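Let's walk through this one together, starting with a pair of helices and then widening the view. Have the viewer open as you read.

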2 protein chains.
Amino acid sequence: MHRSGRFTAETESQVLDAIQKLGFRPNVLARQLVQQRTTTLGVMVGALDNPFYAEMAMQIERESAAHGFHTMFCNTYGDAPAEIWALESYLDYRVAGILFVSNPSEPKRARQLIERRVPTVFVTCESEWGDVVRCDDEEGGLMATQHLVSLGHRRIAYFSDPIDDAANQDRQRGYAKVMRKAALQSSVVRWDRKSAGVADTTVSETVRHGATAIFTTDDYGAIELVDAADRLGINIPRQLSVIGFDDLIMSGLGRIGLTTIRQPKMRLAQVAVSALVDRIKGQVKGPPVRHVVPVELIVRGSTAKANG
Amino acid sequence: MHRSGRFTAETESQVLDAIQKLGFRPNVLARQLVQQRTTTLGVMVGALDNPFYAEMAMQIERESAAHGFHTMFCNTYGDAPAEIWALESYLDYRVAGILFVSNPSEPKRARQLIERRVPTVFVTCESEWGDVVRCDDEEGGLMATQHLVSLGHRRIAYFSDPIDDAANQDRQRGYAKVMRKAALQSSVVRWDRKSAGVADTTVSETVRHGATAIFTTDDYGAIELVDAADRLGINIPRQLSVIGFDDLIMSGLGRIGLTTIRQPKMRLAQVAVSALVDRIKGQVKGPPVRHVVPVELIVRGSTAKANG
DNA sequence: GTGAAAGCGCTAACAC
DNA sequence: GTGTTAGCGCTTTCAC
């Protein structure tokens, strides 16, 4: 604005009033076009009806806004074409950066589309070429399994996600390490939770085979297992201990009371958005950076001493 | 594309290859600038860590994508300045339309900012000047209360949200109508769920005053009440029936088992996005339109016959 | 300091 | 049809 003495204060305020009244707003599109940079972030997130993603999305949006960035969201929903469409749109919009909250369904395509073109950060998931912000998933797996072992459980099953991503693998590795150390036999169950009734049969099988505890790769799955156990009349935690991973808001409800490994979602979002913004501003250059955020064991009612 | 015989097929495919290889993508900003229209939608949504908003956000994003529109989200979080910032940003971005999923915290400011400038649809909330897509909230209130009355309850309390929006009022009106008709005394409790321990004292008070049933204005609140009742040792539904509103995914969990009035979230999103797109394309003109979507009673375990 | 001019990457309108 | 041109609304540069 030209604040010279050229115009009287009156004229100036009249102009300002007019701007207010007419609701004039500078055109961001034009500015961004000429400046060759935007303040838009593209966020790829698994379905928002999964509370973990919803909670992450919320934190990311808040954090981005705090940095002056606007967020465009896409529920990938495991739908590869939709994901590619969104990714291409982000490029067309010349987003300043991209945030993956869940693994791309077509990692190679995603990579060739965006690598070296727009800064990208992977939160809660893995990548060979972009910055990664993750919890210490192996440590979490260790803590979860150790918790169960220290409660006297000997037959502990690990329930893995059908989407076998890095987080899942690391948690499983933590599990396997503790089991080996304790000279216990590992038992990994991969279940497809999409199909109805699968939880029931899987839990029932697992218990029939003698398991007294289950470590599930995420809370949302754990809650389904608890639901199944309830239906089957299997008492939790008396007959079966269940521990999850994530610490969703709903996991803390009295009726759910899920013991779990907490992922600090706000912290993850903060680190991820900061990392992305640093890349965008060019304050960080060079090879991919990895950020690891610590996890925490939250003990609630779904785990108890093994009887006998 | 110029598909004349001017160039050989070979040349053409070479060019196309180059486009692919270099990852050329047309600049949406430039196109939108010259076309004077965008395919971006701005969505104002209460905090995404509230499952109702998360579920709505997901449906809206999916539906928008199906119409070829991109969504920018803002968690209002009841934070008026953040909301205004987002709204102004949407205008700066020249969004094609705006969707309110929760009431603006500053309705007047919001109105003067966007009215007659960009098409706006209010889903699940109310407006005097924009299109509205809502459930039949009064009918829902009627159904919920009728359900409790028909179970033999005489002292039924209505738990209202501190944010006394139109949806809340309509549900309350439905409640009041049924109570009057049944010659029962209404009892409306307004509680501020933000403060800790409030649920406990409020529930305890309500039961002490003789209530055997509570109708809460939303499931998320109802679940908190159930949690409180559990802590207080009040058995649900034996001593206290609880019915909510929304039908969140988590309300259907065995351990929650909340009787509720379902808002069809997918349908709401479809109608809302269609209405908005119609306005954007100019296929609908003139005064605000109201769309009403029917609700449905879902009976689960949190309500039962009144004893005595 | 101030004002004019160039140009960001597209689309639409217009001659040819 | 096909090639050229103007211009969307800004920022930046460069004379003055």
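In this predicted model, look at helix α2 (residues 28-35) of chain A and helix α2 (residues 28-35) of chain B: their axes come within 9 Å and cross at roughly 140°. Since 65 to 115 counts as roughly perpendicular and over 145 as roughly antiparallel, that angle makes α2(A) oblique to α2(B). The crossing of α2(A) past α2(B) is left-handed.

So who's touching whom here? From α2(A) you get Leu29(A), Ala30(A), Gln32(A) and Leu33(A), and they meet Leu29(B), Ala30(B), Gln32(B) and Leu33(B) of α2(B). Sorted by class, that contact comes to six nonpolar and two polar residues, with no charged ones.

Now zoom out to the whole interface. On the chain B side, 45 residues are in contact with 45 residues of chain A. Elements of chain B giving two or more residues to that side are α2, α3 (51-66), β2 (70-75), α4 (80-92) and α9 (219-232). The largest share, eight residues, comes from α3(B). By class, this side of chain B has 24 nonpolar, eight polar and 13 charged residues.

Finally, hop over to Ser102(B), which sits in the loop between β3 (97-100) and α5 (107-114) of chain B. Is Ser102(B) buried or exposed? It's buried, because 25 other C-beta atoms lie within 10 Å, and 20 or more is enough for that label. Leaving aside residues up to four places away in sequence, Ser102(B) touches Met44(B), Val45(B), Gly46(B), Tyr53(B), Thr76(B) and Cys125(B). Ser204(B), on the other hand, is 102 residues from Ser102(B) in sequence and 30 Å from it in space, C-alpha to C-alpha.

How values were computed
Residues numbered from 1 in each chain as written. Chains lettered and ligands numbered in written order. Predicted model: local features only at pLDDT ≥ 70, side-chain atom pairs only at ≥ 80, totals over all residues. Axes fitted to C-alpha atoms, helices over the stretch in contact; angles between N-to-C directions. Helix = DSSP H or I, 4+ residues; strand = E, 2+ residues; numbered from the N terminus. Parallel < 35°, antiparallel > 145°, perpendicular 65-115°, else oblique. Left-handed = near helix turned anticlockwise from the far one by under 90°. Contact = placed C-beta atoms within 7 Å. Nonpolar A, V, L, I, M, F, W, Y, C, P; charged D, E, K, R; others polar. Buried ≥ 20, exposed ≤ 12 C-beta atoms within 10 Å, placed from the backbone.
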